[in-house]
Amino acid sequence: MMMIQRCVCICIYILMIGVLDSTEGRPPPPRRILLDTDVDTDDLFALLYILKLNRSEFDLQAVTINTNAWTNAGHAVNQIYDLLYMMGRDDIAVGVGGEGGILEDGTILPNVGGYHPIIQQGNGTSEYCRYRQAIPVGQGGILDIDSNFGFRKSFLPQGKRRYSPMRQPTTQQVMIEKISRGVITVFLIGAHTNLGVFIMSNPHLKKNIEHIYIMGGGVRSKNPTGCCPKNSSSSCRPRQCGNRGNIYTDYTSNPYAEFNIFGDPFAAYQVIHSGIPVTLVPLDATNTIPISSNFFHQLEKNQHTYEAQYCFKSLKMARDTWFDENFFKSYFMWDSFLSGVATSIMLKPNNENGDNEFAEMKYMNITVITSNEPYGISDGSNPFFYGLKKPKFGLDRYGVHSGHVQTGLRDPFCVVENGKGRCKDGYTEQVSGRGGVRVLVAVRAKTNRDKNSSLNREYFRSFLNVLNSKHQTGKFNFTTQFPHYREVLYKPDFNGIKLGKNVVFDMDMSAGDFLALFYLLKLPVEQINLKAILVTPNGWANAATIDVVYDLLHMMGRDDIPVGLGDVFALNQSDPVFPAVGDCMYKKAIPHGSGGFLDSDTLYGLARDLPRSPRRYTAENSVKFGAPRNTSNPELRQPLALEIWQSVTKSLDSGSKITILTNGPLTNIAQIILSDKNISSLIQDIFVVGGHITSNNETSKGNVMNIDSNQYAELNIFLDPLAANIVFTSRFNITLIPLNVQRRVSRFRKVLETLRLAKKTPEALFATRLLSRLHRLKNTHPRYQHMDIFLGEILGAVILGGNTSFLKTSYELRNSEVVANGVESENGETNIDENKGRLVKVLQDLDCFAYYDSFANQLGFEKQSAVIRSFDEQRRLWSSAL
């Protein structure tokens, strides 16, 4: 027996030696990476840098999208898909969103989407914008990031992958799949919500995360921006100069936080205190690598790949639209620097001290501040404790998470009179003792080893070389993927035609609004002359979705119709100190995920089927319109809603008037009224699709979602009640198409039945696809139960252009007023009171079947039909010679 055991041991020993011999000299497997990103401009640089590295050394497994910071989910996910397609990497998984929530008792449901910081996350995707309101929403902010300054769609090729409702892999699904498969490294270059939720939900999988590299925070940093020049006068007041953080919109409340950590301080705390090794690349290091003019010009001269071209175009537009003359002192290599430092560290085995080519490193004991002292207070600011019998997640009632939590911009607790703010939410503070974690920290960027180079940082040299390498380069851009690509604008010839009623359509880009736009474009021009479209981006969709409006007009051959972009905030919701940011008091009612912004911004996954218009939003600008400088093509500047209105009024024939149809919040219309006291002679009628008539005899509820206290308002009015009040108290003739009548025509089966009987024009087919998708989603998922409200939004267009006798419409004159008193439970109510308000013409009834027939038949008419059916038709045209 002993002899047998000895023989077995010898055999095992020989086998082990054989295995060791067989692997000796073999290179290690590539290091698996998961990148979590908020898809800001510098995040694209970071992603492209990783994609260009040797795949035998680095294997990017997945990209997950952080959706509560600098970008909106629908625009971000499609940009990532297109960028990966350009780089030939459709194999890389992409995760975004999810409909899971966090219950009051701290239970984390599957697939939390990360649309909100953990402290705000309830059992849905519509919540208040506690931290995100510090990020600019329009130009210079999220609008420019969603569109990448307006050239994303003109440069990136469009592949087969796209967002599609209920088919898109969620962030948590992708994280679980990739991390459970084996050892992986995570790069965080946005807010930490996604990984924070993952760690809290899957503690058994933490062992597979070898290391976490974070771009974020400021430990000992001193902000070099917002400082007074050396020889400035005493009147110059420094702004964020010398602060630890970089929240330039809110430094009077919080001078300590950096954007990525501030986006979700509690999640960042969970990540850094997870026990997983962490390397931090904070502002301490990135402040030492500002984009230099020499680097900028070297990149301009070295655009030998599509990825280098995309980076330069992005950087150039960032520079050209920068708010002051200090771009080269205040724009830094933030997230892309993380990619360089992290991958350089990873290449060296047993590299405990983080030796790398690009940054000097130092160990520090740090933590993330999630609440402000004194701890254990109950002032209503902290949802982890306030109103709960047991603190959420079992937190210590008197611990570091139990203090005041910054509630938003200009939080009175945070503001110090004649001093810098005192709130520290999101501060990566260096501490001693058990309260901190030993973290490897990049403290400064290394200088270029080549003393004769014009580039002053080693990473600049690497970035240029990597991006311009011919290995793993992009295949093509949007135009070069088609051998016969050409741009065409379709403009009809109306010479000799007597045009009909002048109409301006004001829309918030909901699904129903696009169906209404199809209908308006199909009405005979002798009957309705659609002069312009005004977009209100504070409703169902975000501002960058204006490109879908341009694409639909292109499809219908109406590139002659101008489109104006309205304000991103409801009236009185922008911040008085920094107007580019503001509150979401009303817009918080709309979900960010399924059935909300994610779907509206992508037209429920169908926007990419529309033909691609040469017209699109662009950040191009001109000093003529108040910009600090002219960009390269100022003539392409996106006009604003008021500018388009003024242009339309100047083009009117003598005695002509305009009828306005508004399908969203009344922000644009109110601003038109406020801006021009002489417009009364120019407006014929205003048709308002919205309002819910309440009186003693009418007790049905409104349709404001996710605001439980508000029972009787209609959403379009609620989204800007002050604007609605201004419009309703004006002198103009108003026709109201209220919610109760809209509900009578909101029957999917009926409208789909009539559409299927109509002729199959491209626009009828597209409308059928969209309505069928909405109907299917309503029947299969609880997040889509409100889809029928979009059917009612078509009603205004049909009433405006329809046959009154055929539709059998009836109206009443009612004294109406809109409540705009700042009380959430009452805002937006449209009350009938014979002793108050102004007389408004209110639609009472119509023939529903005649309505369905009018809509379907008009879309089925072959006259004024689409001139280019779809993107697929464009693809075929551009792929072969004419």
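Biologist: Let's start with Gln-864: how exposed is Gln-864?

Modeller: Gln-864 is partly exposed, since its relative accessible area is 23% and buried would mean under 20%. Keep in mind that this is a predicted model.

Biologist: Where does Gln-864 lie?

Modeller: You'll find Gln-864 in the loop between H29 and helix H30 (871-879). Its phi is positive, about 55 degrees, although Gln-864 is not a glycine.

Biologist: Okay, and H29 itself? What span should helix H29 have, and how far apart are its end C-alpha atoms?

Modeller: Helix H29 covers residues 848-860, and its 13 residues should span 18 Å at 1.5 Å a residue. The end C-alpha atoms are 19 Å apart, which agrees.

Biologist: How many of the residues of H29 are buried?

Modeller: In H29, 10 of the 13 residues are buried, so the helix is largely enclosed by the rest of the structure. Among the buried ones are Cys-848, Tyr-851, Tyr-852, Phe-855 and Leu-859.

Biologist: Which residues touch the most other members in the largest nonpolar core?

Modeller: Phe-855 is one of them, along with Phe-295, Phe-337, Ile-533 and Val-549. That core has 174 residues. Helix H16 (residues 511-522) provides the largest share of this core, 9 residues.

Biologist: What does Phe-295 touch?

Modeller: Setting aside residues up to four places away in sequence, Phe-295 touches Leu-315, Met-333, Leu-455, Phe-460, Phe-463 and Leu-464. Another core lies apart from the largest one; this other core has 35 residues, including Val-504, Ala-532, Leu-534 and Val-840.

Biologist: Which helix gives the most to the lining of the largest cavity?

Modeller: Helix H4 (residues 142-146) does, with 3 residues. By class, the lining of the largest cavity has 21 nonpolar, 10 polar and 7 charged residues.

Biologist: And what is the volume of the second largest cavity?

Modeller: The second largest cavity has a volume of about 250 Å³. Of its 22 lining residues, Arg-152, Lys-153, Val-548, Ala-607 and Arg-608 are the closest to the centre. Helix H3 (73-86), helix H5 (152-155) and helix H17 (546-555) each give two or more residues to that lining, and the largest share, 4 residues, comes from H3.

Biologist: How does the lining of the second largest cavity divide by class?

Modeller: It has 5 nonpolar, 7 polar and 10 charged residues.

Biologist: Let's switch to loops. Is Asn-243 buried or exposed?

Modeller: Asn-243 is buried, with a relative accessible area of 5%. It sits in the loop between strand E5 (209-215) and helix H8 (259-262). Leaving aside neighbours within four places in sequence, Asn-243 is in contact with Ser-221, Lys-222, Asn-223, Tyr-251, Pro-255 and Lys-420.

Biologist: What about Asp-250, buried or exposed?

Modeller: Asp-250 counts as buried, at 1% relative accessibility, and lies in the loop between E5 and H8. Apart from residues up to four places away in sequence, Asp-250 touches Gln-406, Gly-408, Leu-409 and Arg-410.

Biologist: Last one: what is phi of Val-39 near?

Modeller: Phi of Val-39 is near 60 degrees, a positive value in a residue other than glycine. Val-39 lies in the loop between strand E1 (31-37) and helix H2 (41-52), and counts as buried at 1% relative accessibility.

Note on methods. Residues numbered from 1 in each chain as written. Predicted model: local features only at pLDDT ≥ 70, side-chain atom pairs only at ≥ 80, totals over all residues. Heavy atoms only, no water. Core = buried A, V, L, I, M, F, W, Y, C linked by side-chain atoms within 4.5 Å. Buried < 20%, exposed > 50% of the residue type's maximum accessible area, 1.4 Å probe, protein only. Contact = heavy atoms within 4.5 Å. Nonpolar A, V, L, I, M, F, W, Y, C, P; charged D, E, K, R; others polar. 1 Å grid on protein atoms, 1.4 Å probe; cavity = no way out; pocket = protein on both sides within 12 Å on 5 of 7 lines; lining within 4 Å. Points joined across faces, edges and corners; volume = space filled by probe spheres on them. Expected span 1.5 Å × (residues − 1).
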